[in-house]
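Subject: Structure handover

Dear colleague,

Here is the structure for your files. My notes on it follow below.

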Amino acid sequence: MNIRWTAVISGFMADFAFTILLQVVILATGQSAVFTDPSLSNPIHVLLILIGASLTGVGGFVAGWLADNSYAMHGLLVGVVGILVATITNVGIAVPSLLLLGQMIGCAFGAVGGMLAGRVRRSPRVG
């Protein structure tokens, strides 16, 4: 398996940029409790966490598109890099379990995004 780290980092940067935009929207709409005390009983919190996880899928698609092979693995690694960066930048900060679950779901979405990119790249062109 040959990992193209430039593809993974590019996918992570796409994920990161869209996530920052999502966080700005969250703060602007007054839903900042999702960062500190998310709840499964609050459908807005669940939706925001799923949107955040799906952004990792977008990053995974970017990584898969830029990769030459192992598309799903490249997408998965976007989520893994995101978890590592969050771990390093949040040292000493307690992260709610629901947000950790969202990051794990994001890894799965990243792999699916990478897989979709691989299928799109390999599909025969008509025209």
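Buried means under 20% relative accessible area, exposed means over 50%, and partly exposed lies in between (1.4 Å probe, protein chains only). The model is predicted: local features need pLDDT of at least 70, side-chain atom pairs count only at pLDDT 80 or more, and totals for chains, interfaces and linings use all residues. Residues are numbered from 1 along each chain as its sequence is written, and side-chain values use heavy atoms, with hydrogens and water left out. Helices (H or I, at least four residues) are DSSP runs numbered from the N terminus.

Helix α3

Helix α3 covers residues 43-66, 24 residues in total. From first to last C-alpha it reaches 35 Å, close to the 34 Å expected; the expected span is 1.5 Å times one less than the number of residues. At its start, a side-chain oxygen of Asn42 comes to within 3.0 Å of the backbone nitrogen of Ile44, a polar contact (a pair of N or O atoms within 3.5 Å; within protein, one must be able to donate a hydrogen and the other to accept it, and residues adjacent in sequence count only if both atoms are side-chain atoms).

The buried residues of α3 include His45, Leu48, Ile49, Leu55 and Thr56, and among them are also Gly52, Gly57, Gly59, Gly60 and Gly64. The buried residues of this helix pack against α1 (5-28), α2 (33-36), α4 (71-89) and α5 (97-122), where contact means heavy atoms within 4.5 Å.

Helix α5

The 26 residues of α5 should span 38 Å at 1.5 Å a residue, and its end C-alpha atoms are 38 Å apart, which agrees. Buried residues in α5 include Leu98, Cys107, Ala111 and Ala117, together with glycines such as Gly102, Gly106 and Gly110. They pack against α3 and α4.

Nonpolar patch

Phe61, Trp65, Leu66, Val112, Met115, Leu116 and Val120 make a nonpolar surface patch of about 550 Å². The elements that give two or more residues to this patch are α3 and α5, and the largest share, 4 residues, comes from α5. Patches are made of residues with over 30% relative accessible area and no salt bridge; nonpolar side chains (Val, Leu, Ile, Met, Phe, Trp, Tyr) are joined within 5 Å, and like charges within 9 Å. Areas come from the Shrake-Rupley method with a 1.4 Å probe; for residues, only the protein chains shown count as cover. Leu66 lies in helix α3, and its relative accessibility is 34%, so it counts as partly exposed.

Salt bridge

How many salt bridges does a search of the whole structure find? It finds 1, a salt bridge being a side-chain nitrogen of Lys or Arg within 4 Å of a carboxyl oxygen of Asp or Glu. Asp68 forms a salt bridge with Arg4, and the closest N and O atoms are 3.8 Å apart. This pair links distant parts of the chain, 64 residues apart: Asp68 is in the loop between α3 and α4, and Arg4 in the segment before α1. Asp68 counts as exposed at 54% relative accessibility, whereas Arg4 is partly exposed at 32%.

Two loop serines

Ser70 is in the loop between α3 and α4. Its phi is near 50 degrees, a positive value in a residue other than glycine, and Ser70 is partly exposed at 27%.

Ser39 lies in the loop between α2 and α3 and is partly exposed at 24%. Leaving aside neighbours within four places in sequence, Ser39 is in contact with His45, Val46 and Leu98. Ser39 and Pro96 are 57 residues apart in sequence and 9.6 Å apart in space, C-alpha to C-alpha.

Regards
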